[in-house]
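This report goes through one structure by its loop, its helix contacts and its core. Please keep the structure in view while reading.

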Amino acid sequence: MDIGLNEVLALVLELAALAILCWWGFATGTGVTAIALGIGAPLVAAVIWGLFAAPKARFSLPRPAVLAVKVLVFGAAAVALAALGHLVPAVVFAVIVVVNLIVEQRRRRSRA
């Protein structure tokens, strides 16, 4: 199985997105709302990812739609990080995601 550095980075970014959404949820809500958002936000993102964007996704979508799902999840994480008051890390996260997705697309095209 050929797993390159970009694929490892993609996994790290996916896990970071879930962690950021969890952090945002617990920090944003209070009481039961914090628990619901802290568990619910990353859970919803993980379910959407698993259904549509994972390598073995339940539903096979055209490549642009898969990319849109990834942008939605990663974008939500970047916005959540900015909402937590961490604008520079949010921008850095978003830039790394964009570079990772571009490299993924180029590699996919070169294999085709």
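Ala57 is in contact with Gly50, Leu51 and Phe52, leaving aside its neighbours within four places in sequence. The model described here is predicted. Ala57 sits in the loop between helix 2 and helix 3. Its relative accessibility is 22%, and Ala57 therefore counts as partly exposed. Ala57 and Trp24 are 33 residues apart along the chain, and their C-alpha atoms are separated by 26 Å.

**Two helix pairs**

Helix 2 covers residues 32-52 and helix 3 covers residues 63-83. A second pair is formed by helix 1 and helix 3, whose axes come within 9 Å. The table sets out the two pairs.

| Pair | Angle | Axes | Crossing |
|---|---|---|---|
| Helix 2 and helix 3 | about 165 degrees | 10 Å apart | left-handed |
| Helix 1 and helix 3 | roughly 45 degrees | within 9 Å | left-handed |

How do helix 2 and helix 3 run, roughly parallel or roughly antiparallel to each other? An angle over 145 degrees counts as roughly antiparallel. The angle for this pair is about 165 degrees, so helix 2 and helix 3 are roughly antiparallel to each other. From helix 2 the contact involves Ala45, Ile48, Trp49 and Phe52, and from helix 3 it involves Val66, Val69, Lys70, Val73 and Phe74. By class, the residues of this contact are eight nonpolar, no polar and one charged.

The axes of helix 1 and helix 3 cross at roughly 45 degrees, and that makes helix 1 oblique to helix 3. On the helix 1 side, the residues that meet helix 3 are Leu13, Glu14, Ala17, Ile20, Leu21, Trp23 and Trp24. Their partners in helix 3 are Phe74, Ala76, Ala77, Ala80, Leu81 and Ala83. This contact of helix 1 with helix 3 is made up of twelve nonpolar, no polar and one charged residues.

**The nonpolar core**

How many residues does the largest nonpolar core have? It has 20 residues, and those with the most contacts inside it are Ile20, Leu21, Phe74, Ala77, Phe93 and Val97. Helix 1 (5-28), helix 2, helix 3 and helix 4 (87-111) each supply at least two residues of this core. The largest share, eight residues, comes from helix 3.

Two of the residues named above can be followed through their contacts. Phe74 touches Leu13, Glu14, Ala17, Trp49, Phe93 and Val97, not counting residues up to four places away in sequence. Phe93 is part of helix 4.

Is Phe93 buried or exposed? Buried means under 20% relative accessible area. Phe93 has 8% relative accessibility, so it counts as buried. Phe93 and Val32 are 61 residues apart in sequence, and from C-alpha to C-alpha they are 29 Å apart in space.

**Another residue of helix 4**

Helix 4 also holds Gln105. At 13% relative accessibility, Gln105 counts as buried. Not counting residues up to four places away in sequence, Gln105 touches Arg63 and Leu67.

Key:
Residues numbered from 1 in each chain as written. Predicted model: local features only at pLDDT ≥ 70, side-chain atom pairs only at ≥ 80, totals over all residues. Heavy atoms only, no water. Axes fitted to C-alpha atoms, helices over the stretch in contact; angles between N-to-C directions. Helix = DSSP H or I, 4+ residues; strand = E, 2+ residues; numbered from the N terminus. Parallel < 35°, antiparallel > 145°, perpendicular 65-115°, else oblique. Left-handed = near helix turned anticlockwise from the far one by under 90°. Contact = heavy atoms within 4.5 Å. Nonpolar A, V, L, I, M, F, W, Y, C, P; charged D, E, K, R; others polar. Buried < 20%, exposed > 50% of the residue type's maximum accessible area, 1.4 Å probe, protein only. Core = buried A, V, L, I, M, F, W, Y, C linked by side-chain atoms within 4.5 Å.
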